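The exercises below are meant to be worked with the sequence and the model side by side.

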Amino acid sequence: MNTPAFPPVRIGQGYDVHAFGEGDHIMLGGVRVPHSQGVLAHSDGDVILHALCDAMLGALALGDIGQHFPPSDMRWKDADSSQFLQHCNSLLRDRGWQVGNADITVICERPKVGPHALAMRERIAGLLGNALDAISVKATTSEKLGFTGRSEGIAAQAVVLLVAL
């Protein structure tokens, strides 16, 4: 295990977006959320977990989710994104880090995130081995502007603070 040098914290940020397509649900934060559409994606298209993975990888300068799980690799076709998050968490821990806290914002007009936010926080906290109060999931609209405002897709941003083990 590599012991991190001072300072014993790192910050990473991530962003993900997917267009809406056919379907009756989307995956958000590892939770199946009913919706009038699905998302177009190689994996399950969970924008929350994808943005969170990118934030974790970015904090350690380990590239991005596409480098670790390329869409050209059929092993990841329709994959559960919780696998990606568990992999990223293992990479952190192997290097002497853990997620101190994560703050995630979903950007969309629909579906409404609020009714599912606690379940998402619980799922993410469980996958990372964190306390519930270290994981924040919230949402905003784009006031009907841009692709999210026109309900053409969904986006998520994530910020993580890593702390030394």
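**Exercise 1: Charged pairs**

At 61% relative accessibility, arginine 75 counts as exposed, where exposed means over 50% relative accessible area, buried under 20% and partly exposed in between (1.4 Å probe, protein chains only). The model is a predicted one, in which local features need pLDDT of at least 70 and side-chain atom pairs count only at pLDDT 80 or more, while totals for chains, interfaces and linings use all residues. Residues are numbered from 1 along each chain as its sequence is written, and side-chain values use heavy atoms, with hydrogens and water left out.

Task: find the salt-bridge partner of arginine 75, and then describe the surroundings of two further charged pairs.

Solution. Begin with the criterion, a side-chain nitrogen of Lys or Arg within 4 Å of a carboxyl oxygen of Asp or Glu. A search of the whole structure with this criterion finds five salt bridges. In one of them the side chain of arginine 75 meets that of aspartate 73, at 2.7 Å from N to O; aspartate 73 is buried, with a relative accessible area of 18%.

Next, take lysine 77, whose salt bridge is with aspartate 78 and has its closest N and O atoms 3.9 Å apart. Here lysine 77 is partly exposed at 40%, and aspartate 78 is exposed at 54%.

Finally, arginine 150 forms a salt bridge with glutamate 152, the closest N and O atoms being 2.8 Å apart. Arginine 150 is exposed at 52% relative accessibility, whereas glutamate 152 is partly exposed at 39%.

**Exercise 2: An aromatic cluster**

Task: which residues form one aromatic cluster, and how are the rings arranged?

Solution. Rings of Phe, Tyr and Trp (its six-membered ring) pair if their centres lie within 6.5 Å, and planes under 30 degrees apart count as stacked, over 60 as edge-to-face and the rest as tilted. The whole structure contains three aromatic pairs by this search. For phenylalanine 69 and tryptophan 76 the ring centres are 4.8 Å apart and the planes stand at 85 degrees, so the pair is edge-to-face. For tryptophan 76 and phenylalanine 84 the centres are 5.8 Å apart and the planes at 80 degrees, so this pair is edge-to-face as well.

**Exercise 3: Helix 1**

Task: is helix 1 largely enclosed or open, and what is found at its start?

Solution. Helices are DSSP runs (H or I, at least four residues) and strands likewise (E, at least two), numbered from the N terminus. Helix 1 covers residues 47-59, which is 13 residues, and reaches 18 Å from its first C-alpha to its last, close to the 18 Å expected at 1.5 Å a residue; the expected span is 1.5 Å times one less than the number of residues.

Twelve of the 13 residues are buried, so helix 1 is largely enclosed by the rest of the structure; among them are Val47, His50, Asp54 and Ala59.

At the start of helix 1, a side-chain oxygen of aspartate 46 comes to within 3.1 Å of the backbone nitrogen of isoleucine 48. After helix 1 comes alanine 61, with a positive phi near 55 degrees.

Terms used. Polar contact = N/O pair within 3.5 Å; in protein donor to acceptor, adjacent residues only side chain to side chain.
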